[in-house]
Amino acid sequence: MSKEIGLFGLSIPAEYGGLGIGMVGKCGIYEEIGRTSNGYTTVIGAHTGIGSVGIVEMGTEEQKQKYLPGMASGDLIGAFALTEPSAGSNAAQIKTKAVRKGDKYIINGSKHYITNGPIADVFTVMAVTDPSKGAKGISSFIVEKDFPGLVIGKTEEKMGLRGSHSSEIFLEDCEVPAENLLGVEGLGYVNALAILANGRAGLAARNLGSCQKLLELSVQYAHEREQFGKPIFDQQIIQHYLAEIALDVETLRTVTYKVAWMVDEGINVIKEASMAKLLGSEIFNRIADKAVQIHGGIGYNREYPIERYYRDARITKIYEGTSEIQKNIIAGQLHKEYLKKAPVASI
């Protein structure tokens, strides 16, 4: 069904078989599917976001013609391979190396926590091409699962997102055609940051959908569950919980769609996208915790969906940049803005 309605082609232009919708439209869809299983949402989001946007934004016409139609139809699944055992939050410290040999690059290294890893057909892989240049020596490559030397590692057992599979990948003298260099050599890390930044509004929208669903389930349960002869909704503490959840939901909705609009307008959203990702992650975790409290024992029972949302929420404060990293980015942008204003005198 996901293929038939075009969910895999949200970010891909119409000329390559996709829907080609903007970020506001994409967030509307992400919000709706965020109301379902976060595992399912993550499969779609990783593919339509970081898994394919790099090719859309930086690919050559030949690369787009080769990969995007299959990715738009869902026949080719995309994944983004940046994180390594020694390079998570500090992604500039990646160790995977790519060496040019004739008409190929030979890549050696490993990646882990790669969303869609076990099912992906096309990986956007970050590797060091010039160790002397630090972050400016990192390049990105389009690597197919069947390229010689690419090995898919074990599927990771996770606390949540059990419908979304992630794994290690190993590159052992992996042979990648030179024409599969994505963008300009040495700009891979810069491109990765841009891909991650623009995708953060989408992640916030997915969280928003889950939060809205948790609010609806909690309001319904509060009216149906009786204690001491009356619905628990009549207890002021429950009313306060629900009011706090509703306020968080609307706050997140406002921030998410503002950032999505900014992306569509071509405005730099490094700071605002981090705000949306940070807010979405923190609010989702807050709301999931309150929803469990409202539902009591049933909220802790795997027979009902509340505990699944609770488990799924926790990773949002870690993946695609931890909450702490988002704060660093926001503060860094505030510092740059301050320096640009060049105050004339101290207050």
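Where is the place of Val 249?

## Basis of the model

The model is predicted, with local features requiring pLDDT of at least 70 and side-chain atom pairs pLDDT 80 or more, while totals for chains, interfaces and linings use all residues. Residues are numbered from 1 along each chain as its sequence is written, and side-chain values use heavy atoms, leaving out hydrogens and water.

## Helix 6 and Val 249

Val 249 is placed in helix 6; helices are DSSP runs (H or I, at least four residues) numbered from the N terminus. Val 249 counts as buried at 1% relative accessibility (buried is under 20% relative accessible area, exposed over 50%, partly exposed in between, with a 1.4 Å probe and protein chains only). Phe 284 stands 35 residues from Val 249 in sequence, with a C-alpha to C-alpha separation of 8.8 Å.

Trp 261 also belongs to helix 6 (residues 236-264), but is partly exposed, with a relative accessible area of 44%.

## Salt bridges

The whole structure contains 16 salt bridges, each defined as a side-chain nitrogen of Lys or Arg within 4 Å of a carboxyl oxygen of Asp or Glu. One of them joins Glu 216 and Arg 35 at 2.8 Å, N to O. Glu 216 lies in helix 5 and Arg 35 in the loop between helix 1 (23-33) and helix 2 (38-48), so this pair ties together parts 181 residues apart in sequence.

Lys 271 and Glu 337 form a salt bridge at 3.0 Å, N to O. Because Lys 271 lies in helix 7 and Glu 337 in helix 9 (residues 323-341), the pair ties together parts 66 residues apart in sequence. Lys 271 is buried, with a relative accessible area of 13%, whereas Glu 337 is partly exposed at 31%.

Key
Helix = DSSP H or I, 4+ residues; strand = E, 2+ residues; numbered from the N terminus.
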